[in-house]
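This report covers a pocket and some points of backbone geometry. The sequence and structure come first.

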Amino acid sequence: VQEKCDYDLVPPLALLFYYAVLYAPHFPPGSDLLLKAASVYHSFLTWPVPYCDISRELLTFISDELKAPGISFQRLVRTEQGLPVKNYQSSTVTVLLLNRSEVQSEFLSIAEKLSASEHPQHVTLVLLLEHLYQANFGTCCDLGSLHHLLKSKTLEELSEIYASATDAQEAAAASSDPVLAQERLQSVLRDIARAASFPAIAGEAQPRKLHTIPIPAARCYTYSWDQDNFGKRRGSPI
């Protein structure tokens, strides 16, 4: 792509890279994949808009991941699930105003299914904490035991634990030194784990499998109007 200046391939390749990193369970110590990627995308900064902007966003994304592994996944899920975790990021809501008579029935069916299924907050917090610890400790963390322990905790307990973990992760992302940021983050996460009686985190990688943790479907709300003006609406948010 660089050699041929093939502009059209930059956005899809950037998306592939973004989601590959987003879904990666863990980057082991010593991995230079993100550093190599940063070197590649840095060379695209001289390209015209919007391709240089795409590269600039990816470089910020890589920088955050180097300092706080898994933070992009955490931010995305928090935003899409509407979790009330302080004001680290503003929430983003995409609104679609549609005329039912002009929309395919398959689309309406999917929208109705999404709005009818809400991810319980307890389940979301368990998923986020599992992801956070695996992203930072890999197979040093016993994910199976952690899952069972997290499920046994109340929503209030999980919220407090996750708030502390989020503070540590966001502080690491705001740091200027990636190595020091990761070390401090891991130290705080170990302290949180001990205080919450999590399974012990091993000092070295263990013969366990890493688990890809899926991104839950975003929360979806639907409203129906029986006339063109918006003065009256039928139905309520789901």
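## A proline in a loop

P50 sits in the loop that runs between α2 and α3. The model is a predicted one. The peptide bond between V49 and P50 is cis, with omega at about 10 degrees.

## Positive phi values

Most residues other than glycine have a negative phi, and most peptide bonds are trans. C5 is a residue other than glycine with a positive phi, near 50 degrees. C5 belongs to the segment before α1. Its relative accessibility is 43%, so C5 counts as partly exposed.

S197, also not a glycine, has a positive phi of about 60 degrees. S197 is found in the segment after α9. With a relative accessibility of 52%, S197 counts as exposed because the cut-off for that class is over 50%.

## The second largest pocket

The second largest pocket holds about 660 Å³ of space. Its lining is made of 30 residues, and F27, P28, P29, P69 and Q182 lie nearest the centre. By type, the lining residues comprise 18 nonpolar, nine polar and three charged.

Five helices each supply at least two residues of this lining: α1 (10-23), α2 (33-42), α3 (51-67), α6 (121-137) and α9 (178-195). The most comes from α9, which gives six residues.

Where does the second largest pocket lie relative to domain 1 and domain 2? Domain 1 (9-67) and domain 2 (68-224) both contribute residues to the lining, so the pocket lies between them.

Note on methods: Residues numbered from 1 in each chain as written. Predicted model: local features only at pLDDT ≥ 70, side-chain atom pairs only at ≥ 80, totals over all residues. Heavy atoms only, no water. 1 Å grid on protein atoms, 1.4 Å probe; cavity = no way out; pocket = protein on both sides within 12 Å on 5 of 7 lines; lining within 4 Å. Points joined across faces, edges and corners; volume = space filled by probe spheres on them. Helix = DSSP H or I, 4+ residues; strand = E, 2+ residues; numbered from the N terminus. Nonpolar A, V, L, I, M, F, W, Y, C, P; charged D, E, K, R; others polar. Domains from an automatic or database assignment. Buried < 20%, exposed > 50% of the residue type's maximum accessible area, 1.4 Å probe, protein only.
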